[in-house]
Amino acid sequence: MQNKKRILLVEDTVAILKLTKFRLEKAGFEVITAIDGQTALEAVKNDSPNIILLDYGLPDIDGNEVCRRIRSDQRYKAIPIIMFTASVENLKLIKESGADDGILKPYEAEELITKIRKYLR
């Protein structure tokens, strides 16, 4: 399949990362992964993702800060960002950091794929 959309998936829980990557690839996406904020920021520069799925709670630089840094760079600020969180309270904070959308963990794969496709149109 030509022209696969490239997703940067940033998740520090390896089981969730692997399962989500599998589901996204099965849906026809190319998936690049990162397990922390610093690696995610490098991947944004090096891998040109079409969309970023970003975990709120990362071990080094939290998702909000990663999102702010991406949004502050003119080269990357237009890339859609969907953030994951296990906390309803954090869903409110996600919008303030500049993310396009949020999704509550645990999430349904179909809900996630629907949101991704919405932002890739």
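The lining of the largest cavity splits by class into 5 nonpolar, 1 polar and 1 charged residues, where Ala, Val, Leu, Ile, Met, Phe, Trp, Tyr, Cys and Pro count as nonpolar, Asp, Glu, Lys and Arg as charged, and the others, Gly among them, as polar. This is a predicted model, with local features needing pLDDT of at least 70, side-chain atom pairs pLDDT 80 or more, and totals for chains, interfaces and linings using all residues. Numbering runs from 1 along each chain as its sequence is written, and side-chain values use heavy atoms, leaving out hydrogens and water.

So who lines that cavity? Thr 20, Arg 23, Leu 24, Tyr 107, Ala 109, Leu 112 and Ile 113 do, lining meaning an atom within 4 Å of a point on a 1 Å grid over the protein atoms alone, where a 1.4 Å probe fits but cannot get out. The volume is about 40 Å³, as filled by probe spheres set on the points.

Now, on to a helix pair. H2 (residues 37-47) and H3 (residues 63-71) pack at about 25°, axes 10 Å apart, with axes fitted to C-alpha atoms over the stretch in contact and angles running from 0 to 180 degrees between N-to-C directions. The two are therefore roughly parallel, the label for angles under 35 degrees. Gly 37, Gln 38, Ala 40, Leu 41 and Val 44 of H2 meet Val 66, Arg 69 and Ile 70 of H3, contact being heavy atoms within 4.5 Å. That set divides into 5 nonpolar, 2 polar and 1 charged.

Notes. 1 Å grid on protein atoms, 1.4 Å probe; cavity = no way out; pocket = protein on both sides within 12 Å on 5 of 7 lines; lining within 4 Å. Helix = DSSP H or I, 4+ residues; strand = E, 2+ residues; numbered from the N terminus. Parallel < 35°, antiparallel > 145°, perpendicular 65-115°, else oblique.
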